[in-house]
Amino acid sequence: MNLTLKIWRQANADATGSIETYPIENVSPDMSFLEMMDVLNEELIGKGIDPVAFDHDCREGICGMCSMYINGEAHGPDRLVTTCQLHMRKFKDGDTITIEPFRANAFPVVKDLAVDRSAFDRIQHAGGFVSVNTSGNTQDANAIPIDKHDADKAFDAATCIGCGACVASCKNASAMLFVSAKVSQYALLPQGKVEATDRVLNMVKQMDEEGFGNCTNTGACEVECPKGISLENIARMNREYLSASFKG
Amino acid sequence: MATLDSKIPKGPMADKWTNHKSHINLVSPANKRLIDVIVVGTGLAGASASATLAELGYNVKTFCFQDSPRRAHSIAAQGGINAAKNYQGDGDSTYRLFYDTIKGGDYRSREANVHRLAEVSTNIIDQCVAQGVPFARDYGGLLDNRSFGGVLVSRTFYAKGQTGQQLLLGAYSAMNRQIGRGKIKMYNRHEMMDIVLVDGKARGIITRNLVNGQIERHGAHAVVIASGGYGNVFFLSTNAMGSNVSAGWKIHKKGAHFANPCFTQIHPTCIPVSGDHQSKLTLMSESLRNDGRIWVPKNIEDVNAIREGKLKPTEIAEENRDYYLERRYPAFGNLVPRDVASRAAKERCDAGHGVNKTGEAVYLDFASAIMRYGKEQAHVKGLNENDAVLVKKLGQDVVRAKYGNLFQMYEKIVDQNPYETPMMIYPAVHYTMGGVWVDYNLMTSIPGCYAIGEANFSDHGANRLGASALMQGLADGYFVLPYTIGDYLAGDIRTGAIDTNTPEFEAAEKAVKDQIDAFVNNNGKNSVDSYHKKLGKIMWNKCGMSRNAEGLKEAIAEIKALREDFYKNVNVPGEANEFNEQLAKAGRVADFLELGELFAKDALERTESCGGHFREESKTPEGEALRDDENFTFVSAWEYKGEPSEAVLVKEDLNYEEIEVKTRSYK
């Protein structure tokens, strides 16, 4: 396949960015999107052009590091995949592909397609944990049976990879899906119930301070989420938040 | 010749750890506040150690090269974590886990460390459940288990095919709690460039901020290396793109012995290579071998027809399939250990039975499991067990619930539906059992410098059993290092903060800056990746699944030549003081180019076959690996002397008190 790539180039956080156009030839449909970017970068290096910076690590869809906005969609046109799992067979010969970073005020650009998502870490610092020491002196793991349905739902929420596609897809750049996934995981498990009130209040407070937008229930986040995290989690967090606010 | 003291405590095996903990020095809570510890890496080992050390009261500085500690490659571990809980009542015990691990490691690991690992394994599960890790449960609400290779019990706890993710997020959450309290200072997008020794002790590190290129000095009373394995020396592996040996290699160059570098795990079930553009390989969890059956066509005509696209695997009759693991190893069948399964796949493919275009793939087939589960479900639900369509659908639902994410991953990469047609798999580099040499306290041969998790060598011998890497990472980080480090730090309560304005820090920083300047000013013509790929080819062809003296000698010469060429002709674009991925990669590849040579040298020296290390000169008439216990029951610890070729071998003899050393058989 021969393609035309239009890629956001920005030297650093303070620089002004712009879209640059790069043709690329002989792309194999079996390549992953990031492998195509590797090939492009090798070509750019050969020509003395600065290679395109992008975040990536595990390349199997679980680390959450890759973060490209491809043809107007976080992680591109395929569903339930990250950019590293998107394969070139999803595109056609002659296509023009526009590649931008995940955009949100709370995710400043580091360089080109790499962004700073440490706001997500700070939300987790505010309450994304169970306050139990790691001494191992806890009760036996089977001492508290947990309803399989609750355990499964907690697991589904816990599969969030923290990539930020939800934020990038949301017209308000809201982080509600991300935050609600963590709040839900703990709200569904007995281990998390003890601190449920403080957790939801603190995490939401931090989310607001980071400059993420509000949720207006458009559901774009759920559609673009590579792990299929459900909007139900947002509803659950809203319930948790409301009841926590009354408890106060 | 220098000797190494493994510091294994005296007394009966089962009491060693308990007695040791009771007698080592402690640091009082007030004094812990005066002590700084650096942790490099935030995988299971690094994250759990950081959290626990901070809870105990130490001031922790933790570093990772990713944009968040949650992205460390432990996140990608799929199948599960072992623990001798015996919840299934199938005869498991601490001793049996200890025994299985020693045997699985082909009698090349240290007994006392492995016994301790088995002892603390049960605590890990309790701990993780208390943290809210959502393990799989049965309908009674209790924890579920499955079985992994090389064992005859079900002791593996799991969270679908994302166990590593859930455990890492558990450790990350424990870290977050301490970051929030200010007890851990987290440095994301920072790479450790070197360790700094003062009076022979580890007293800090030099780092590079990967966003702006700034070189920084960080002092501490102890340095913990938790930077994972070095599988990426092969270029293609299941490791993450950024996984590297540099932290381990830098401390090696400053005096830490590097042990058993040639002990590499080639995992049998990975998605085969599709072309030259390939940047990494994807694992399909070993848990799939619980339900998947591995086979190749018996007849070469069928193989050819499949390669030409004229025949589908589902069209090959049962009697024309060779379920070679079940044939060769009836007792363990598809669940033989990884090294055995990988070699068996290579043997069949070398004999011409490989089922894809490259001839390097075998089938992993779920059809019989789907029908078996489907029948069971139909029976439970009172439906017609003879309705093949219904049974298949019900069976597929069960398989989806167990392995859904893995099947989805396979389909996205290969573009085939594994519910309908068998998966194609082939072995790939996955894990390195070798690593930095450590004593029983997990301290390296540099005082005050520790290595934990995959970065050290200690627990898996020559082959690691499935679901044991997660166990070791968390055991080291949560339950071992935080105790043993106190014994050393007790001597540091009066030291005071470490001053980084000293000649030692100055010199280390200068060396780092000089190397960076040399790279960016090199004006070479070949990209960093081109060298990494060449190194990977040498490693895979000559130091891969089977090795011989001639090939290893060639590898040593070729890697040395490649390294020299790299320094002359590598092209590192961009500047030192910016976000520069090529520059970061150049430093990592430079270290791989040294490690690769030591790896080959180690493999050449060890003329026996053991575990994942298969020397063609040392095999039984049936082609199985043949150990040489008389001459090789030791750990090969290499001391740095300049060029890898000059490294000096120091042997740590392995003594087996509890377990009788036998020929490993899975027949």
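This is a predicted model: local features need pLDDT of at least 70, side-chain atom pairs count only at pLDDT 80 or more; totals for chains, interfaces and linings use all residues.
A crossing of two helices is called left-handed if the near helix is turned anticlockwise from the far one by less than a right angle, and right-handed if it is turned clockwise.

Residues are numbered from 1 along each chain as its sequence is written, and chains are lettered from A and ligands numbered from 1 in the order in which they are written.

When I name helices (H or I, at least four residues) and strands (E, at least two), I mean DSSP runs numbered from the N terminus. The helix pair I mentioned is H3(B) and H6(B), whose axes come within 8 Å and cross at roughly 30°; axes here are lines fitted to C-alpha atoms, for helices over the stretch in contact, and angles run from 0 to 180 degrees between N-to-C directions. That angle makes H3(B) roughly parallel to H6(B), given that angles under 35 degrees count as roughly parallel, over 145 as roughly antiparallel, 65 to 115 as roughly perpendicular and the rest as oblique. The crossing in which H3(B) passes H6(B) is left-handed.

As for contact, two residues have it if their C-beta atoms, placed from the backbone, lie within 7 Å. On the H3(B) side the residues in contact include B:Leu44, B:Ala47 and B:Ala51, and on the H6(B) side they include B:Leu168, B:Ala171 and B:Met175. Sorted by class, this helix contact has 10 nonpolar, 3 polar and 1 charged residues, where Ala, Val, Leu, Ile, Met, Phe, Trp, Tyr, Cys and Pro count as nonpolar, Asp, Glu, Lys and Arg as charged, and the others, Gly among them, as polar.

Now the domains, whose bounds come from an automatic or database domain assignment. For chain B, the assignment gives domain 1 (13-263 + 433-492), domain 2 (270-427) and domain 3 (506-627). The centres of domain 1 and domain 3 of chain B, taken over C-alpha atoms, are separated by 25 Å, and their contact takes 33 residues from domain 1 and 35 residues from domain 3. On the domain 1 side, strand S6 (190-198), strand S8 (215-219) and helix H7 (246-253) each supply at least two residues, and S6(B) gives the most, with 4 residues.

In chain A, the assignment gives domain 1 (3-111) and domain 2 (118-247), with 29 Å between their centres, again taken over C-alpha atoms. Here the contact takes 18 residues from domain 1 of chain A and 16 residues from domain 2 of chain A.

Finally, two sheets of chain B, where strands pair if DSSP finds at least two bridges between them. One is an open, antiparallel sheet of 4 strands in the order S16-S10-S20-S21, with edge strands S16 (435-436) and S21 (648-653), each of which pairs on one side only. In this sheet B:Phe258 has the bridge partner B:Val436 in S16(B) and the bridge partner B:Trp638 in S20(B). S20(B) and S21(B) are joined by 6 bridges, and B:Ser636 has B:Lys651 of S21(B) as its bridge partner. Helix H17 (581-605) lies across S10, S20 (634-639) and S21 of chain B, running at about 145° to S20(B).

What is the strand order of the open sheet that 5 strands form in chain B? The order is S11-S15-S14-S12-S13, and the pairing is antiparallel. Strands S11 (264-270) and S13 (321-322) stand at the edges with a single partner strand each, so one side of each is left without a neighbour in the sheet. At the S13(B) end, S12 (293-297) pairs with S13(B) over 2 bridges, and B:Val296 stands opposite B:Asp322.
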